[in-house]
Amino acid sequence: MCPVCKSARYLNPDMRFLVNPECYHKMCESCVDRRFSQGPAACPIAGCKRTLRKARFRTQTFEDIKVEREVDLRREVASVFNREEDDFETLQDYNDYLEQVENVTWNLINDIDVEDTRRKMDAYKEENRRQITRNHSNAAQEAISRKAREEEDHELTRLRRADARREDELERQEKSDARKGIINKLATTKGDAASIAREGRRAELKKSSAQRVALDKKRDGDVFAAGTENGDAGSGFTFKGLKKRVAPPPEKPYDPYGGWSAEKEYFSQQDFYDWDYLSNARTDPRHSAGGYDINDYCARALCDAFSGFGVFIEDEVSGRDLGSTPSMATTAAAAVGGERVDAKMEDVF
């Protein structure tokens, strides 16, 4: 309900309420037109003596009028105290400045020393008018630059999506043409259908891989794409000192031994292994009382793990074929035949 004319939205659903930042009293649009069309007038709300102008009436943004008033006051204070961190020598000075600005905002919001605070704000605004104007100009330029960068990012995203859709459509068309070619070849030639289909798929894969490589080279050589990624193509300038994109090195073949080679020693035992089980056994007297040695356990475990590396099948087969080294089976057969030979079965490990 309008507090001035007592009209309600029940009878007039299209009624709009307006507020004025001078006093933030709400009234309907009809009352504003009727009372303030001739010029400035006093607020019709009882007890309010503020002079209002029609041009300053606007639609309320927030539901709570206190939030509306606080937002307007913070916007007003920020338009006067608009210095940045670069304007101060140290971070502490900038934090002190922010604290003073917050104190001014708090006084205005809570009606604490409003006249004194307003007087100080007006004096500061008059003394630093040139600096305030310069900061407003810089902020406007930054906003324009930010908007331009966002538009450029949206445009690049749109172009990438268009390229991706075009590539998908081209790939789909190539697959369809390849399938039709295989069907035509099966219909016009005599031969194994499986081999013809296999050759057609192989040719299709070669063609698609060649096109993909050509597309990657085109992208790598695109100056606009490279400059846009570095952030210097939107303005048209070329900056020195920017890092060049380097393609990652090709992956090396997988080495299951991690560079280890079995040339002289198959393993080397360390003095200490960080393992909870060994640590407990090393400090527990129940293990050491019977003569248990951690080093022997580690040596035996390493021997069991690496003993298979000492078997070279190719060398044994070649040596057996040449007859240079008698095998264990030959030695055992000779011993059974009557001529007993003492075969030395030494454990190399």
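Predicted model: local features only at pLDDT ≥ 70, side-chain atom pairs only at ≥ 80, totals over all residues.
Trainee: Why is tyrosine 24 called buried?

Mentor: A residue is buried when its relative accessible area is under 20%. Tyrosine 24 has 12% relative accessibility, so it counts as buried. The backbone of tyrosine 24 also deserves a remark: its phi is positive, about 60°, although the residue is not a glycine.

Trainee: What is the phi of lysine 6, and is this residue buried or exposed?

Mentor: Lysine 6, likewise not a glycine, has a positive phi of about 65°. Its place is in the segment before E1. Exposed means over 50% relative accessible area. Lysine 6 reaches 56%, and therefore it is exposed.

Trainee: How much of the protein chain is made up of buried residues?

Mentor: Buried residues account for 17% of the 349 residues in the protein chain.

Trainee: What makes a group of residues a nonpolar core?

Mentor: The members must be buried, must belong to a set of residue types that includes Met, Phe and Cys, and must be joined through side-chain atoms within 4.5 Å. The largest nonpolar core here has 15 residues, and Met27, Cys43 and Phe57 touch the most other members. Strand E1 (17-19), strand E2 (27-28) and helix H1 (29-36) each contribute at least two residues to this core. H1 gives the most, with 3 residues. Apart from this core lies another, of 13 residues, including Val104, Ile109, Tyr124 and Ile132.

Trainee: Which residues does cysteine 43 touch, if those up to four places away in sequence are not counted?

Mentor: Cysteine 43 touches Cys23, His25, Met27, Cys48, Arg50 and Leu52.

Trainee: How many aromatic pairs does a search of the whole structure find?

Mentor: The search finds 5 aromatic pairs.

Trainee: How do you know whether phenylalanine 36 and phenylalanine 57 are buried or exposed?

Mentor: The cut-off for buried is under 20%. Phenylalanine 36 has a relative accessible area of 2% and is therefore buried. Phenylalanine 57, at 10%, counts as buried as well.

Trainee: Are the rings of phenylalanine 81 and tyrosine 124 stacked or edge-to-face, and how do you know?

Mentor: Planes under 30 degrees apart count as stacked. The rings of phenylalanine 81 and tyrosine 124 have planes at 20° and centres 4.7 Å apart, so this pair is stacked. Phenylalanine 81 is in the loop between helix H2 (65-80) and helix H3 (91-109) and tyrosine 124 is in helix H4 (residues 114-127), so the pair ties together parts that are 43 residues apart in sequence. With a relative accessible area of 15%, phenylalanine 81 is buried.

Trainee: Where does asparagine 82 lie, and why is it called buried?

Mentor: Asparagine 82 lies in the loop between H2 and H3. Its relative accessible area is 12%, so it is buried. Leaving aside neighbours within four places in sequence, asparagine 82 is in contact with Tyr97, Ile132, Asn135 and His136.

Trainee: What makes lysine 26 a charge over the ring of phenylalanine 17?

Mentor: NZ of Lys must be within 6 Å of the ring centre and within 35 degrees of the ring normal. Lysine 26 lies over the face of phenylalanine 17, at 5.9 Å from the ring centre.

Trainee: Which residues are closest to the centre of the second largest pocket?

Mentor: This pocket has a volume of about 530 Å³. Of its 18 lining residues, Pro21, Glu22, Tyr24, Leu73 and Arg118 are the closest to the centre. H2 gives the most to the lining of this pocket, with 5 residues.

Note on methods. Residues numbered from 1 in each chain as written. Heavy atoms only, no water. Buried < 20%, exposed > 50% of the residue type's maximum accessible area, 1.4 Å probe, protein only. Helix = DSSP H or I, 4+ residues; strand = E, 2+ residues; numbered from the N terminus. Contact = heavy atoms within 4.5 Å. Phe/Tyr/Trp six-rings, centres within 6.5 Å; stacked < 30°, edge-to-face > 60°. 1 Å grid on protein atoms, 1.4 Å probe; cavity = no way out; pocket = protein on both sides within 12 Å on 5 of 7 lines; lining within 4 Å. Points joined across faces, edges and corners; volume = space filled by probe spheres on them.
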